[in-house]
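Here is a briefing on one protein model.

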Amino acid sequence: MPLPGHHLNFADLHLNPIALSIGPLDIRWYSLAYIAGILLGWWYMLKLLAQAEAPMERRQADDLIFYATLGVIVGGRLGYAIFYAPEMFLHPLVLLKLWDGGMSFHGGALGVSLGIILFARTQRLNWLRIHDYVACCVPFGLFFGRLANFVNGELWGKPADVPWAIIFPRSGDSLARHPSQLYEAGLEGLVLFGLLALLFWGTDARRRPGLLVGAFLIGYGIARFTVEFFREPDAQLVAFAARTGLHMGQWLTVPMIVGGIWLVATARNRKADLAAPISG
């Protein structure tokens, strides 16, 4: 059992969830993380689309940002309420209080996917190829989002005696814990970005619809499933984790991993239509 006084106390880092205050308005790092993820993802998307045989034009990519952003916000919020806090539906106005936190990656991913499909139908584009390109950009948001979780001192890990363990005051005790937020930032952000970049720039993966997004689903799923073993379950889901043997986040990654394996395994049978995208 980790002993108090032998590890870094989170309070000593003097991190403030509020990045800037303008009068009564507080701008939080969590909000800035979303903005940074979207802007960097959009910038990287333009780099990917500048390569030959892209699935859409620059103008269409600008429109896609709207669909993706809406999908992240609506899907992420509804997903959190469905999977982690269903009681929120008893007070619907609470769903609008995004500044109080509470977003689900799985819900956001589903929302973005539905947004891409709708966008592709209106523009007469290959929706699966667009998923491939968007998947390469998602790690930016994951990286900054997990760093924001760390700054907020939330989603801490299980008690640990490793040298880098941290005491999180909000946990309600003085035990040193795994900084699981940083584990996720590294795996879901940096490592996953590197894997997808290697596949995109170093292989013909982008010419096999479904391969890149399948690799993303597998990579994210394995990273999330693994890190959850070092992370405390959400307070309201402790009983669920004890009863089922896994955290909610782990159960939600199972269909992602299975779907990702299927997409990768069948990608070789799909041939991309590499003709210039219809500008409609």
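Buried means under 20% relative accessible area, exposed means over 50%, and partly exposed lies in between, with a 1.4 Å probe and protein chains only. This is a predicted model: local features need pLDDT of at least 70, side-chain atom pairs count only at pLDDT 80 or more, and totals for chains, interfaces and linings use all residues. Residues are numbered from 1 along each chain as its sequence is written, and side-chain values use heavy atoms, with hydrogens and water left out. Helices (H or I, at least four residues) and strands (E, at least two) are DSSP runs, numbered from the N terminus.

**Nonpolar cores**

- A nonpolar core is a set of buried Ala, Val, Leu, Ile, Met, Phe, Trp, Tyr and Cys residues joined through side-chain atoms within 4.5 Å.
- The largest such core holds 41 residues. M45, M56, L64, I130 and F216 have the most contacts inside it.
- At least two residues of this core come from each of α1 (29-49), α2 (58-83), α3 (105-123), α4 (127-151), α5 (180-202), α6 (211-227) and α8 (248-267).
- The most is given by α4, with nine residues.
- A second, separate core has ten residues, including A81, Y84, L237 and F240.
- In soluble globular proteins, nonpolar side chains tend to be buried together.

**Helix α6**

- Twelve of the 17 residues of α6 are buried, so by the cut-off under 20% the helix is mostly covered.
- The buried residues are L211, L212, V213, G214, A215, F216, L217, Y220, G221, A223, R224 and V227.
- Contact means heavy atoms within 4.5 Å. What covers the buried residues of α6 includes α3, α4, α5 and α8.
- Leaving aside neighbours within four places in sequence, F216 is in contact with F105, A135, V138, P139, L142, L192, L196 and G221.
- The expected span of a helix is 1.5 Å times one less than its number of residues. For the 17 residues of α6 this gives 24 Å, and the end C-alpha atoms are 24 Å apart, which agrees.

**Helix α1**

- From first C-alpha to last, the 21 residues of α1 reach 30 Å, close to the 30 Å expected at 1.5 Å a residue.
- Its buried residues are Y30, A33, G37, G41, Y44, M45, L46, L48 and L49.
- Their cover includes β3 (25-28), α2, α4 and α5.

**Surface patch**

- Patches are made of residues with over 30% relative accessible area and no salt bridge; like charges are joined within 9 Å, and nonpolar side chains (Val, Leu, Ile, Met, Phe, Trp, Tyr) within 5 Å.
- Accessible areas come from the Shrake-Rupley method with a 1.4 Å probe; for residues, only the protein chains shown count as cover.
- F66, L70, I73, V74, L78, I82 and F89 make a nonpolar surface patch of about 620 Å².
- One of these, I82, lies in helix α2. I82 counts as exposed because its relative accessibility is 51%.

**Salt bridges**

- A salt bridge is a side-chain nitrogen of Lys or Arg within 4 Å of a carboxyl oxygen of Asp or Glu. The structure holds twelve.
- R207 and E53 meet in one of them, at 2.7 Å from N to O. The pair links distant parts of the chain, 154 residues apart: R207 is in the loop between α5 and α6, E53 in the loop between α1 and α2.
- R207 counts as partly exposed at 30% relative accessibility, and E53 also counts as partly exposed at 30%.
- E184 pairs with R146, the closest N and O atoms being 3.4 Å apart. E184 is in helix α5 and R146 in helix α4, 38 residues apart.
- E184 is buried at 1% relative accessibility; R146 is buried at 10%.
- E228 and R231 form a salt bridge of 3.4 Å, N to O. E228 is buried at 3%, and R231 is buried at 4%.
- A network of salt bridges links R146, E184, E188, R224, E228, R231 and D234.

**Backbone**

- R124 is not a glycine, yet has a positive phi of about 55°. R124 lies in the loop between α3 and α4 and counts as exposed at 54% relative accessibility.
- L155, also not a glycine, has a positive phi of about 55°. L155 lies in the loop between α4 and β4 (166-167) and counts as partly exposed at 25%.
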